[in-house]
Amino acid sequence: MKLDAKALRYMSSEDFRVLTAVEMGSKNHEVVPSSLIAQIAQLRAGGSHKIVGGLAKRKLIARVQNMSYDGYRLTYGGYDYLALKTFAKRGTVYSVGNQIGVGKESDIYLVADEDDNQHVLKLQRLGRMSFRTIKSKRDYLQNRKSASWMYMSRLAAMKEFAFMKVLYENGFPVPEPIDASRHCVVMGLIDAFPLRQIEEVGNPGKLYSELMSMIVKLAQYGLIHGDFNEFNILIKSDGSPVLIDFPQMVSTSHVNAEFYFNRDVECIRVFFRRRFGYESALYPRFTKDVNREFCLDVQVAASGFSKKMQKELEAYQEEIKDMSDEEEEEDSDDDDDDEEEEEEQDIPSEMTEEEKMEIKLRNMRLGNTEETESEEEEEVVEEEEEDDSAEEELSEEAELARRGEKIERLNNRDFKAHRDVKPKKSTKKLSVTAAAAAKDEELKSKVARTLKSQTNKQNVRNTRGNNLKNKGKRSDRAAVKGGDIFD
């Protein structure tokens, strides 16, 4: 859902009072009854009914159909308006601009304060893609069955603001944290581009070294990003990186800390190899290169984001991951079933000898040719030779990969030094490709010669048949002239 702040200026204090009443009722009710909304709002009799109708027309709340009682639920639009109202009271957000980014579970907007200073507003949308599927199969938080998506979005915003504030105070290259309310975070605007949009870098080795050093420095301060990839790294005009997006961040004391650390390192290595053609044998490892010196994770817990909230948010993220994996498996099973059905449909039924003869005659009339048994045998032999050469190529590549891994294990401690390793061009692959092209050309010429010979034979047969037919007609005409046919 996109943020539309046009109606915000026309809303009265009573509108926000009723909207806040719906939010408070959502803590214990999936659908808040209308009587409870009026009771919490404490308006005069019948005063909240008209306001509720106006909020529903603006899609800030939604009425649920087929319920045993009259009730409403809070929508993302209403939750956005409550957060913007809080920012407006604090003077953090005065105007809302265009949308500058969108993610699977977040929306990014450009905003400005009362002094026309531009900032970035990030709205968390956790569960936006798979919320219905999760609710239909199982609840991920039994104690918060109602409006759990709002609670999870609020936890993600609290976590991001807490980690961003701690990192900014300790000199890490992150955006400046300005304010947070409910599921929204306001941060400083940085003039930079995402790494995924950059096609070429002047010195990829230097950037690679800076990113690896940042990963290790985070771990030495007791933190692991958990989602360190090209989507969450901004590059300034001077080439320096900036780190964003912290809802996945965990402590180095986490059970899966080593897995998350090594995954962040591998994401950067794979991206640099694919995008910039740069690959280095030097990279850090959690067990060898991480020596914890500071405890920023303890400072984050002291700032208000407790371990209980962290566990609840991790439980939600694990549930989302499990549900996405199940959906992918179901999709793959459906695809397999469809392929099996198509294969069953493609299998032809057994033909009789008459049908085979008709097909053969039809092909002869149309000039189609069929491969002979000797030609089929030659093609099978050629395919076997190609398979053997491909197996030899794979065995050589496996040996090279094994040697490269051995070198990396020896050099992974000196990750700060960087060197440019240009990918070696494999002449073997080029020769194999040229041989395959030559074989293709030879096969094409062979097919062309076969088609030509078959066409010539067919033309000779047709000529003989026409001569025989004409010969019979000439003999009949001669017999008519001579009168022999009446004898």
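The model is predicted, so local features need pLDDT of at least 70 and side-chain atom pairs count only at pLDDT 80 or more, while totals for chains, interfaces and linings use all residues. Residues are numbered from 1 along each chain as its sequence is written, and side-chain values use heavy atoms, with hydrogens and water left out.

**Overall picture**

- The protein chain has 14 helices and 13 strands (DSSP runs numbered from the N terminus: H or I of at least four residues for helices, E of at least two for strands).
- Of the 487 residues in the protein chain, 36% are buried (under 20% relative accessible area, with exposed over 50% and partly exposed in between, using a 1.4 Å probe and protein chains only).
- Among contacts (heavy atoms within 4.5 Å) with a separation of 6 or more, 69% are between residues 24 or more positions apart.

**Helices α7 and α8**

- Helix α7 (residues 204–220) and helix α8 (residues 257–275) have axes that come within 11 Å and cross at roughly 170 degrees (axes are lines fitted to C-alpha atoms, for helices over the stretch in contact, and angles run from 0 to 180 degrees between N-to-C directions).
- That crossing angle makes α7 roughly antiparallel to α8 (angles over 145 degrees count as roughly antiparallel, under 35 as roughly parallel, 65 to 115 as roughly perpendicular and the rest as oblique).
- Residues making the contact include Leu207, Leu211 and Ile215 of α7, and Phe261, Ile268 and Arg269 of α8.
- The contact residues divide into 12 nonpolar, no polar and 2 charged (Ala, Val, Leu, Ile, Met, Phe, Trp, Tyr, Cys and Pro count as nonpolar, Asp, Glu, Lys and Arg as charged, and the others, Gly among them, as polar).

**Salt bridges**

- The count comes to 10 salt bridges (a side-chain nitrogen of Lys or Arg within 4 Å of a carboxyl oxygen of Asp or Glu).
- Arg125 and Asp80 pair at 2.8 Å, N to O, linking the loop between β6 and α5 to helix α4, 45 residues apart.
- Arg125 is buried at 0% relative accessibility, and Asp80 is buried at 1%.
- Asp80, Asp107 and Arg125 are linked in a network of salt bridges.
- Lys122 pairs with Asp245 at 3.0 Å between the closest N and O atoms; Lys122 is in strand β6 and Asp245 in the loop between β12 and β13, so the bridge ties together parts 123 residues apart in sequence.
- Within helix α8, Glu266 and Arg269 are 3 residues apart, about one turn, and their side chains meet at 3.8 Å, N to O.
- Glu266 is partly exposed at 33%, whereas Arg269 is buried at 8%.
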